[in-house]
Amino acid sequence: MGWGAGPGAAERRRLTWSNDEWNVAAALCATQLPLGWLAWWFFVGAGQDDYGRGGGAFGVLCVPLILPLLGVVHASAQVMPAATLSRLLSRRLSGPEWAWHAAASVLVGAGGAGLGHLVWDWSLRDTVPWFAGAGILPVLFLAPLRRRAWGGWSVWLRSAGVCFVLFVVGGLSAASLADDYEPPALSDRQLAGEWRADHGAVLRLVPGGRAELTRVPAQPDFEADQDYTRCDGTGTWTRSRQGDRAGVLVRLDGACGEETHWTISGTGQAPELFALFGDPDAGELLILTRD
């Protein structure tokens, strides 16, 4: 029996989505990404330390290529599977299909956050609102845009225009409203003590300049092909500056690693020491915190 034969063929087709519908959903998902970035920046990133990371000109040039790809992935993983789920729900429950589609998209997004928590130990408190909310706007705009018969390249050209406006106007507004981050000014007494990180790393700064290290990341030897090495042993620490940032320079007594500058960050109530190993744009950021 062929796909179009039988009484259930029309219903099966209804539970799938057309290429035009998927194309519009992908363009909408790409369009909202700059808006999501601005929302994250205002609510999470504004006024916080960037830990010495820089975007670079290459990253800006890649944005036009990355957004469509991310839009396709987002639509395929959340918005369109939610469309099938909503059509199943609307067969048995009353209410407009778009409302069920939005609810199903939130459910799929929350499920993705839960999967990230199980596999990569992502924080549910941080990820569920973003994952669930990311599927609402594309769903709300999908139905009216389908009725306008926007398809093919036309919807992507409109998407590019909206993204450009959001990046330029929103970026300028964000820069004008940003509060410059000010790291805490820590005295020698406040620096002294134990600083810890993942994987059992402990850096103990002893008053007077002695340092004790347990699995503490350090700059590797020049011949090494890794971003950092982990060292145990003893050494010394002194206050130092790197650019306009104050920090701590740790030197080891043994042959493990090179001297490492740990920059002061965080707040007065929750101070941090951080070091960026390898490529400033894509290297390893490691942060030490106080107990």
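What follows is a tour from the whole chain down to single side chains.

**Before you click**

This is a predicted model, with local features needing pLDDT of at least 70 and side-chain atom pairs counting only at pLDDT 80 or more, while totals for chains, interfaces and linings use all residues. Numbering runs from 1 along each chain as its sequence is written, and side-chain values use heavy atoms, leaving out hydrogens and water.

**The whole chain**

Switch to cartoon: you get 8 helices and 8 strands, both taken as DSSP runs numbered from the N terminus (helices H or I, at least four residues; strands E, at least two). Of the 291 residues, 34% are buried, where buried is under 20% relative accessible area, exposed is over 50% and partly exposed lies in between (1.4 Å probe, protein chains only). Take the contacts between residues at least 6 apart in sequence: 56% of them join residues at least 24 apart, a contact being heavy atoms within 4.5 Å.

**The largest nonpolar core**

Next, select Leu 191, Trp 195, Leu 203, Leu 205, Val 250, Trp 262 and Leu 273, which touch the most other members of the 21-residue largest nonpolar core. Such a core is a set of buried Ala, Val, Leu, Ile, Met, Phe, Trp, Tyr and Cys residues joined through side-chain atoms within 4.5 Å. Which strand gives this core its largest share? Strand S3 does, with 4 residues. A separate core of 17 residues includes Ala 25, Ala 27, Met 80 and Val 155. In soluble globular proteins, nonpolar side chains tend to be buried together.

**Zoom on Trp 262**

Trp 262 is buried at 1% relative accessible area. Leaving aside residues up to four places away in sequence, Trp 262 touches Leu 203, Val 250, Leu 273 and Leu 288, among others. How do the rings of Trp 262 and Phe 277 meet, stacked or edge-to-face? Their centres are 6.1 Å apart and their planes at 75°, so this pair is edge-to-face. Rings of Phe, Tyr and Trp (its six-membered ring) pair if their centres lie within 6.5 Å; planes under 30 degrees apart are stacked, over 60 edge-to-face and the rest tilted. Trp 262 sits in strand S6 (residues 260-266) and Phe 277 in strand S7 (residues 271-277), 15 residues apart.

Show Trp 195 with Arg 290: the charged end of Arg 290 sits over the ring, 4.9 Å from its centre. That label needs NZ of Lys or CZ of Arg within 6 Å of the ring centre and within 35 degrees of the ring normal.

**A buried arginine**

Arg 245 is in strand S5, and at 16% relative accessible area this arginine is buried. Follow its side chain to the backbone oxygen of Ile 264, 2.8 Å away. Asp 49, Tyr 181 and His 261 are among the residues Arg 245 touches, not counting those up to four places away in sequence.

**Over to the tryptophan cluster**

Select Trp 120, Trp 122 and Phe 131, which ring pairs link into a cluster. Trp 120 is exposed at 55%, whereas Trp 122 is partly exposed at 33%. Asp 121 lies in the loop between helix H4 (97-120) and helix H5 (124-133). Asp 121 has a positive phi of about 60° although it is not a glycine, and is exposed at 62%.

Terms used: Polar contact = N/O pair within 3.5 Å; in protein donor to acceptor, adjacent residues only side chain to side chain.
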